[in-house]
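Subject: Handover of a structure

Dear colleague,

Please find the sequence and structure below.

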Amino acid sequence: MTISVNSSFSSASPETYWGHFEEISGYNSQLNVAERLWAAWYAWMRNDVLATGIMSFAMHELVYFGRSLPWILIDTLGFFNNYKIQSSKIPSLKEQWDCAKFVLLSHFTVELPQIWLFHPMAQFFGLSTSVPFPSVWTMVYQIAIFFVMEDTWHYFSHRALHWGPLYKAIHKIHHQYSAPFGMAAEYASPIEVMILGFGTVGSPILWCAATGDLHVFTMYVWIVLRLFQAIDAHSGYEFPWSLHHFLPFWAGADHHDLHHEKFVGNYSSSFRWWDYLLDTEYSPEAIKRRRECKASIGAKKAQ
Ligand SMILES: [Zn+2]
Ligand SMILES: [Zn+2]
């Protein structure tokens, strides 16, 4: 940390988290509240590996289940049945509970050790944990680059996972739900979690290795957005206000739900361009386009 904290002489109980917060606030009026909370956390923990590890794991659980909860309520209470893509396949509470147990087990056994290794790896590649945080503009352009990098990795590795032997050995578990729901986003084999997780964690790490410019806070914002993207893509709902109506290259549930229903095509995570360019799109328009193309080739051959 670049903030120096001398907690032993503070009158405001420096052994507590809020004692550190008060002290840092007293000496660093230029920092905003989030930056003070962040600096106090590292000062109080006195162990950066533990501080990043606990914060990363807690954030992941909070965001994963916090974002899944509205979708569970929507499924259970039937608020938006009109917008459900596969309207006859609404997941039961039992199905959702079984999925939650599997995902929790995977988080505590497979993901926890990997999240714990994150800080030493981040330090090795030079990620910063100091305050102040980077500017909003820096975070925005870096996160946009991570979205593009992750989507590219996801497209090719996910497409490879649909190759027969890999599908049977690894990816079949994720396809247990032919009509997905939010929480099913991380319902997958531990090997798949590692392969596809590499796109999410490896993209920023690669970026930092190349440029030497990345803050752990930017990484957190990116992971939160990526979790929202993955959970919403599995939600099973397509709304008139879904993002792809405004950003036509955004994938969303409209794109990924069909992948679960049909098992072929639509391999990307966030964007539609790889499926479009490599002709693996699965949508009524793409099927029509392919049919017309075949018909015109057939007509030319017949001439
Ligand atoms: Zn798949
Ligand atoms: Zn999926």
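In which sense, left-handed or right-handed, does α2 pass α3? The crossing of α2 past α3 is right-handed; a crossing is called left-handed if the near helix is turned anticlockwise from the far one by less than a right angle, and right-handed if clockwise.

This is a predicted model, in which local features need pLDDT of at least 70, side-chain atom pairs count only at pLDDT 80 or more, and totals for chains, interfaces and linings use all residues. Residues are numbered from 1 along each chain as its sequence is written, while chains are lettered from A and ligands numbered from 1 in the order in which they are written.

The protein chain as a whole

The protein chain has twelve helices and zero strands (DSSP runs numbered from the N terminus: H or I of at least four residues for helices, E of at least two for strands). Its C-alpha trace spans about 90 × 45 × 40 Å along the principal axes. Of its 303 residues, 31% are buried (20 or more other C-beta atoms within 10 Å of the residue's own; 12 or fewer is exposed, in between is partly exposed; C-beta atoms are placed from the backbone).

Helix α2

After α2 comes Arg 46, with a positive phi near 55°.

The axes of α2 and α3 come within 8 Å and cross at roughly 130° (lines fitted to C-alpha atoms, for helices over the stretch in contact, with angles from 0 to 180 degrees between N-to-C directions). α2 is therefore oblique to α3 (under 35 degrees is roughly parallel, over 145 roughly antiparallel, 65 to 115 roughly perpendicular, the rest oblique). Where they meet, α2 supplies Trp 41, Tyr 42 and Met 45, and α3 supplies Asp 48, Leu 50, Ala 51 and Met 55.

The nonpolar cores

The largest nonpolar core has 19 residues (buried Ala, Val, Leu, Ile, Met, Phe, Trp, Tyr and Cys joined through C-beta atoms within 7 Å). Its largest share, four residues, comes from α9. A second, separate core of 18 residues includes Ile 24 and Val 131.

Yours sincerely

Notes
Contact = placed C-beta atoms within 7 Å.
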